[in-house]
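I opened the model and kept notes as I went. The entries follow the order in which I looked things up.

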Amino acid sequence: FDNDCSFLSGWGIAMWRSSRNLICRNALDFCIRGYSHKVYNRGQDSAGLLMFEQCSQNLIAENSITHGGDGIFGFAGREAIGEAPPPAPDFRYTRNGCNDNLIVGNDLSYAAAHGLEMTFSHGNQIANNRFIGNAICGIWGGYSHGTLIAENEFKDNGDMAYGLERGGINIEHGSHNLIVGNTFENNACGIHLWWDDDARL
């Protein structure tokens, strides 16, 4: 808590298989690479906060995480989605993402890509955050399950969108998610949910 990890090219805070941590009241701003304003805005998976591979049950509260590649970039990991061999014969793929995190009261604005990307994960709660001016979308939750997205502010997201991702909340192949009580203003799209035939995943 109370750290300033801003203006870094990769990540402000990087977590790997890190669970049951408190990340609170930090400045994780301007952590970005691979960006040229209005020309190229993918961000190369830079982020203020990286949560990579099975980071679960963390409390992420009241941080400033703005102007990054992503604000928060959470990915379940290659093992969890079957892209890498299982680490042990008894490895179970069920609920092996970045699960059951509480993300509350953060400013996740002005990212070159997404304010919050949390994919292939389960049971996360995202509440009372600000998502303003993110170039692609506020929340990208592909293949997420059982996620609560409540009482967040989404404004002016999606100005530099790609494909079907744009605007406030975007979830591809999600299920059992609850989206309630959020406010939306001037986004390229408010909420976009979709699926396609993706048997491999």
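I counted secondary structure first. The protein has 16 strands and 0 helices. Both are DSSP runs numbered from the N terminus: helices are H or I with at least four residues, strands are E with at least two.

I noted the ground rules. This is a predicted model, where local features need pLDDT of at least 70, side-chain atom pairs count only at pLDDT 80 or more, and totals for chains, interfaces and linings use all residues. Residues are numbered from 1 along each chain as its sequence is written, and side-chain values use heavy atoms, with hydrogens and water left out.

Next I traced the sheet. Seven strands form an open sheet in the order β1-β3-β5-β7-β10-β13-β16, with parallel pairing. β1 (11–16) and β16 (191–194) are the edge strands; each has a single partner strand, so one side of each lacks a neighbour in the sheet. From one strand to the next, the twist averages 10°. Pairing requires at least two DSSP bridges between two strands.

I zoomed in on one pair. β7 (residues 114–119) and β10 (residues 137–140) run parallel over 3 bridges. L116 stands opposite I139 in β10.

Then I checked overall dimensions. The C-alpha trace spans about 45 × 40 × 35 Å along its principal axes.

Last, I looked up L22. L22 lies in strand β2 (residues 22–24). L22 is exposed (over 50%), because its relative accessible area is 51%.

Notes
Buried < 20%, exposed > 50% of the residue type's maximum accessible area, 1.4 Å probe, protein only. Axes fitted to C-alpha atoms, helices over the stretch in contact; angles between N-to-C directions.
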